[in-house]
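Please read this note with the model open beside you.

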Amino acid sequence: MTVYAYYQVDAFTDEPFRGNPAAVMQLDAWLPDGVLAQIAAEHNLAETAFLVRRAPGHYDLRWFTPTVEVPLCGHATLASAHTLFTELGEAMDRLTFETQSGPLYVERHGSGYRMDLPASTVRPLPLDDKVTLALGQAPTELWVGQFLLAVFESEAAIRALTPDLAAVEALGQHLETAELCAAAPGDTVDFVSRFFAPSIGIPEDPFTGGAHTMLTPFWAERLGRTELTAHQASARGGDAVCHLSGDRVFLFGNAVTTIRGQMAF
């Protein structure tokens with residue numbers, strides 16, 4: 001039996017029990033994929049991040065939901081950087097993560113962190129009754145990129161959504177993906193969003209860094225500004241400042257460690 005340390009981190013918040021929790025485990029070498037999947041299912045969080053060190057400040061990084069491996073996860077990347085900086089003694093101020101989505105970068109920034117991620121584009125789709133059924137309200141626009149994007153007129157509409165998660169999951173049979181982001185202009189921030197992905201084991205995500213790589217260029221073009229404030233209006237809530245620079249999105253956020261534990265198997 002081997003004992004593995006792990007950390008649970010709330011990302012995109014500066015308070016415990018808000019933002020999006022992720023488990024982070026640094027390994028000496030990769031375990032079999034099936035074991036990684038079992039560990040993620042055991043944690044039963046939206047994401048578990050696994051790290052293997054290449055060199056100082058340079059790591060391989062993979063992410064697993066309770067059911068699948070995913071190609072990009074923003075909040076678990078932020079949680080990984082926070083763990084390395086605050087729990088594991090990483091001395092470098094800028095980290096490079098090698099991932100399925102290419103190299104990602106996180107650096108210390110004031111009291112928090114700055115993430116450097118690839119921007120994601122969208123294209124318009126015709127409005128679809130199945131999306132209205134899934135969300136319980138009709139969006140004014142529908143777009144698709146890495147995820148579906150349903151646009152609404154107001155923050156109140158986003159907060160009032162009562163999705164039928166079975167209908168959200170079924171969207172993958174009809175549209176290009178079943179991962180659905182709803183967004184609108186915010187009352188006190190530039191845009192608000194919610195994110196639903198039951199098809200990959202995430203009924204509603206508290207804060208979705210990957211979705212903000214799509215939302216940032218979308219709202220930057222619409223609002224005519226490259227620096228934006230964002231809030232994800234989940235029950236836990238999460239916040240970020242977003243900056244678009246060419247084909248990169250910079251997300252500024254904080255993180256808090258809530259659990260230091262061990263797994264043995």
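The numbered points below start with the basis of the model and then take each topic in turn.

1. Basis. This is a predicted model, in which local features need pLDDT of at least 70, side-chain atom pairs count only at pLDDT 80 or more, and totals for chains, interfaces and linings use all residues. Residues are numbered from 1 along each chain as its sequence is written, and side-chain values use heavy atoms, with hydrogens and water left out.

2. Largest pocket. Its volume is about 190 Å³. A pocket here is an open set of points on a 1 Å grid over the protein atoms alone, with protein on both sides within 12 Å along at least five of seven lines; a cavity is a set where a 1.4 Å probe fits but cannot get out; lining residues have an atom within 4 Å of a point. Volume is the space filled by probe spheres set on the points, which are joined across faces, edges and corners. The lining has 19 residues, with Glu47, Leu72, Phe147, Glu179 and Ile200 nearest the centre.

3. Second largest pocket. This one holds about 160 Å³. H6 again gives the most to the lining, here with 5 residues. The lining includes Trp143, Met214, Pro217 and Phe218.

4. Cavity. The count is 1 cavity of 30 Å³ or more. The largest cavity has about 40 Å³ of space. Arg94, Tyr105, Val106, Glu107, Arg114, Met115 and Asp116 line it. Strands E7 (102-109) and E8 (112-118) each give two or more residues to that lining.

5. Asp190. This residue sits in the loop between strand E12 (180-185) and strand E13 (191-197). Is Asp190 buried or exposed? Asp190 counts as buried because its relative accessibility is 16%, and buried means under 20% relative accessible area with a 1.4 Å probe, protein chains only. The Asp190 side chain reaches the backbone nitrogen of Thr229 at 2.8 Å. Beyond neighbours within four places in sequence, contacts of Asp190 (heavy atoms within 4.5 Å) include Leu223, Arg225 and Leu228.

6. Cysteines. The whole structure has 0 disulfides, a disulfide being a pair of cysteine sulfur atoms within 2.5 Å. Cys181 is buried at 0% relative accessible area. Cys242 also counts as buried, at 0% relative accessibility.

Technical notes:
Helix = DSSP H or I, 4+ residues; strand = E, 2+ residues; numbered from the N terminus. Buried < 20%, exposed > 50% of the residue type's maximum accessible area, 1.4 Å probe, protein only. Polar contact = N/O pair within 3.5 Å; in protein donor to acceptor, adjacent residues only side chain to side chain.
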